[in-house]
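User: I would like to learn how to read salt bridges, helices and cores in a model. Please take them one at a time.

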Amino acid sequence: MELSKHKRIRNRKVIQEMRKQICERCGKPSYGEPHHVYTVGSGGGDIRENLIQLCADCHIAAHAGHVGKEELIDIVAEREGMTSDNVIKANRKAMGYEVEE
């Protein structure tokens with residue numbers, strides 16, 4: 001039995017809307033596109049709950065595992081006025097998982 005892979009959400013408009021001039025983690029100047037908390041490779045979509053603007057140093061640290069996903073989720077949750085659990089649920093739902101409401 002073959003499991004089908006969920007098609008991830010792609011939305012260039014949301015990515016552009018989430019671009020900021022400052023890092024949401026440390027406040028330093030930031031350039032480039034936002035970081036995906038749940039990686040594109042793992043099915044992470046282009047949704048507000050999965051994007052965070054990071055400076056180059058924080059972005060590199062996040063990819064190297066020196067900044068935990070939990071910390072980034074907490075920052076996104078505060079920005080979106082949600083709980084961290086609801087940010088996780090929004091991402092899992094966008095990735096095609098069944099989520100209890």
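Analyst: Start with a salt bridge, meaning a side-chain nitrogen of Lys or Arg within 4 Å of a carboxyl oxygen of Asp or Glu. E24 and R79 form one, with their closest N and O atoms 3.0 Å apart. This pair links distant parts of the chain, 55 residues apart: E24 lies in the loop between α1 (12–18) and β1, and R79 in helix α3. Helices (H or I, at least four residues) and strands (E, at least two) are DSSP runs, numbered from the N terminus.

User: What kind of model is this, and how are its residues numbered?

Analyst: It is a predicted model, in which local features need pLDDT of at least 70 and side-chain atom pairs count only at pLDDT 80 or more, while totals for chains, interfaces and linings use all residues. Residues are numbered from 1 along each chain as its sequence is written, and side-chain values use heavy atoms, with hydrogens and water left out.

User: Is E24 buried or exposed?

Analyst: Buried means under 20% relative accessible area, exposed over 50%, and partly exposed in between (1.4 Å probe, protein chains only). E24 counts as buried because its relative accessibility is 19%.

User: Which residues are linked with E24 and R79 in a network of salt bridges?

Analyst: The network joins E24, R48, R79 and E80. E80 forms a salt bridge with R79, the closest N and O atoms being 2.9 Å apart. E80 also meets R48, at 2.9 Å from N to O. R48 is partly exposed at 35% relative accessibility, and E80 is partly exposed at 21%. The count of salt bridges comes to 7.

User: How does one check the length of helix α3?

Analyst: The expected span of a helix is 1.5 Å times one less than its number of residues. For the 12 residues of α3 this gives 16 Å, and the end C-alpha atoms are 16 Å apart, which agrees. Just after α3, G81 takes a positive phi of about 70 degrees.

User: Which residues of α3 are buried, and what covers them?

Analyst: An α-helix has 3.6 residues a turn, so residues three or four places apart point the same way. In α3 the buried residues are L72, I73, I75, V76 and A77. Their cover includes β1 (35–36), β2 (51–52), α2 and α4 (84–94).

User: How many residues are in the largest nonpolar core, and which have the most contacts inside it?

Analyst: A nonpolar core is a set of buried Ala, Val, Leu, Ile, Met, Phe, Trp, Tyr and Cys residues joined through side-chain atoms within 4.5 Å. The largest one has 17 residues, and V37, I52, L54 and L72 have the most contacts inside it. The elements giving two or more residues to this core are α2 (56–63) and α3 (69–80). Helix α3 gives the most, with 5 residues.

User: What does L72 touch?

Analyst: Contact means heavy atoms within 4.5 Å. Not counting residues up to four places away in sequence, L72 touches H35, V37, I52, L54, A62 and V67.
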